[in-house]
Amino acid sequence: MGFFTQLYETFGALEDPGFWQEAYMNFYRAWFEADRWKQYFQGLGTTIQVTVMALLIGVVLGVVVAMIRTAHDQQRPGQHNPLLGITNLICKVYVTIIRGTPMMVQLLIMGLVIFASNRNKTLIGALSLGINSGAYVAEIIRGGLMSLDPGQMEAGRSLGLNYFDTMRFIVIPQAFKAILPSLGNEFITLLKDTSLISVVGGKEIVYFAQAIITRTYETMYPYLITAVMYLILVLIFTWLQGKLERRLRQSDRR
């Protein structure tokens, strides 16, 4: 009964004019006072910058790892390249370690151990997120490549194209349409994970929200504002992803 009593008292407080006045004052201190809204947007700029940098690192790593692992798995029986086997093993270890350990732990190791003397913690955060995302992107791309009919690769080779040209012009464009939803979800996760870089001193939205909390001694509105800003970013990204998917479907019909 205690829970329902507390819930009733909470909703009852909404009818009190003093509640709304206090809520407005807390919001004013968190957003308007001393032009604190500028700090949120400064953090927003860093968040977007880190997301773009990590996205580029993740895509490059993911494509390279996926192509190496796919090339190894698609070798003809009895024809095994030793160099490809070694690089495939390295890629498997990389994917296993990154996917098997928490993102937070990876950030702490990168920021407080490997690059402890580096003061640019935002760059370290972007690098850590990119390396983490690369492992997931690699598995997404590899799954898409392996799901295609092997005849696509054979058709490209029969036309005189080498392995990489066949992947570039024939296989990857077809796989991209199939893996786009999964890639979009991974990129959205990457965008939200930028909030973690504040643990190593990265100056994104959460970093400035925590700084504002130390001045206002009120936690709800700075974190609520942060959540709304991330939600808007995710909605924009989701809209762009949906628009791209619709355009690809239209091109298929033609």
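At what angle do the axes of helix 3 and helix 6 cross, and within what distance do they come? In this predicted model, the two axes cross at roughly 40° and come within 5 Å. Axes are lines fitted to C-alpha atoms over the stretch in contact, with angles from 0 to 180 degrees between N-to-C directions. Helices are DSSP runs (H or I, at least four residues; strands, E, at least two), numbered from the N terminus. The crossing of helix 3 past helix 6 is right-handed (near helix turned clockwise from the far one by less than a right angle). Their contact has 19 nonpolar, eight polar and four charged residues.

The second largest pocket holds about 330 Å³ of space. A pocket is an open set of points on a 1 Å grid over the protein atoms alone, where a 1.4 Å probe fits, with protein on both sides within 12 Å along at least five of seven lines; lining residues have an atom within 4 Å of a point. Of its 16 lining residues, Phe176, Leu180, Leu183, Phe187 and Leu244 are the closest to the centre. Helix 8 gives the most to this lining, with eight residues. Helices 3, 6, 8 and 10 each supply at least two. The lining has 14 nonpolar, two polar and no charged residues.

An unreviewed UniProt entry lists residues 48-68, 89-115 and 220-240 as "transmembrane region". Residues 220-240 are 100% helix, with end C-alpha atoms 30 Å apart. Residues 89-115 are 89% helix, and their end C-alpha atoms lie 26 Å apart.

Residues are numbered from 1 along each chain as its sequence is written. Local features need pLDDT of at least 70, side-chain atom pairs count only at pLDDT 80 or more, totals for chains, interfaces and linings use all residues, and side-chain values use heavy atoms, without hydrogens and water.

Notes. Points joined across faces, edges and corners; volume = space filled by probe spheres on them. Nonpolar A, V, L, I, M, F, W, Y, C, P; charged D, E, K, R; others polar. UniProt positions renumbered as here; feature names shortened; annotations may be inferred.
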